[in-house]
Amino acid sequence: MNKNKNYLNNYENVFEEVKYTTNSIIRLKILAALYQKPQNMKELTKTTKLKYSSISNILHGLELNNLIYHESNKYHLTNALKIQIQTVLEIKEVINLLNDFFNILDGHIVDIIPEQSVAELYLLGKANLLESNDVDAYKIYNYIENTIKEAEKIQCILPFYHVNFNKKFNTLVKKRKHVEIIVSEEIHDIYEKESKIKYISSFKGKNNFLLIVTDKTMILGLFKENGFFDQNRILTSKNKDSLKWANNLFKNFKNKKIK
């Protein structure tokens, strides 16, 4: 959580300067253009579709406030302003993420997730909330089974035993795919008996979380506060940042939890 706390502290420190840079639509257009790349007046006029005189006035004010500088006939954002903009963008990503995924975070057990992974939640910004409905009550489990089936390699944290999941794992093992699972110690013996997986370890407790990460897809499922797994909603993504988060979570949990 330290990274997110630092964002909030940084935001307070730069608030007055940020307020200046963001309280004008014209100024924001120019800053957005320069954030992408340094540009000259002609390029800015074309990019922003603003009048030359308007751009000139805004640039003059930004220079006076030491937020941009002129070099090689192009205007550049100062490093300080780049950091301010990036800080605000990342704070916004975290806030949007928590708002978007409120249904899966609220009323669910999340404090068992390692702190390192909580601090990197912003990497899940492009993940999707997949929910079952009355028409397809098994939508979540079917999605998980298909994800396992299509995997070239797979790593999982499994708090419960599921026959069909295990069948898919065994099929992958027969195809010489890499399969590694960390399971609740309460079901460790079942997997040892029924599974052909070579890499199996265990963790203490049962109301943990479900994590599946393959070469293409990540899935995160949580338990409700009443102790039951929420089989009606999961987070999933094929985005590289989300996959990075899931792989880091597996590694963090493995280092902390396995026997």
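Close-up 1. With a relative accessible area of 24%, K168 is partly exposed, whereas E145, at 12%, is buried. In this predicted model, the side chains of K168 and E145 meet in a salt bridge, with 3.8 Å from N to O. Because K168 lies in helix α9 and E145 in helix α8, the pair ties together parts that are 23 residues apart in sequence.

**Close-up 2. Packing of helix α8 with helix α9.** The axes of helix α8 (residues 139–149) and helix α9 (residues 163–174) come within 9 Å of each other and cross at roughly 10°, and the two helices are therefore roughly parallel. On the α8 side the contact is made by Y141, I144, E145, I148 and K149, and on the α9 side by N164, F165, K168, F169 and L172. Sorted by class, the residues of this contact are six nonpolar, one polar and three charged.

**Close-up 3. The salt bridge between K74 and E43.** K74 forms a salt bridge with E43, in which the closest N and O atoms are 3.9 Å apart. This pair links distant parts of the chain, since K74 belongs to strand β2 (residues 74–77) and E43 to helix α3 (residues 41–48), 31 residues apart. K74 counts as partly exposed at 30% relative accessibility, and E43 likewise counts as partly exposed at 28%.

**Close-up 4. The network of E131, D230 and R233.** A network of salt bridges links E131, D230 and R233. Within this network, D230 forms a salt bridge with R233, the closest N and O atoms being 2.8 Å apart, and both D230 and R233 are buried. The structure as a whole holds six salt bridges.

Notes:
Residues numbered from 1 in each chain as written. Predicted model: local features only at pLDDT ≥ 70, side-chain atom pairs only at ≥ 80, totals over all residues. Heavy atoms only, no water. Axes fitted to C-alpha atoms, helices over the stretch in contact; angles between N-to-C directions. Helix = DSSP H or I, 4+ residues; strand = E, 2+ residues; numbered from the N terminus. Parallel < 35°, antiparallel > 145°, perpendicular 65-115°, else oblique. Contact = heavy atoms within 4.5 Å. Nonpolar A, V, L, I, M, F, W, Y, C, P; charged D, E, K, R; others polar. Salt bridge = Lys/Arg side-chain N within 4 Å of Asp/Glu carboxyl O. Buried < 20%, exposed > 50% of the residue type's maximum accessible area, 1.4 Å probe, protein only.
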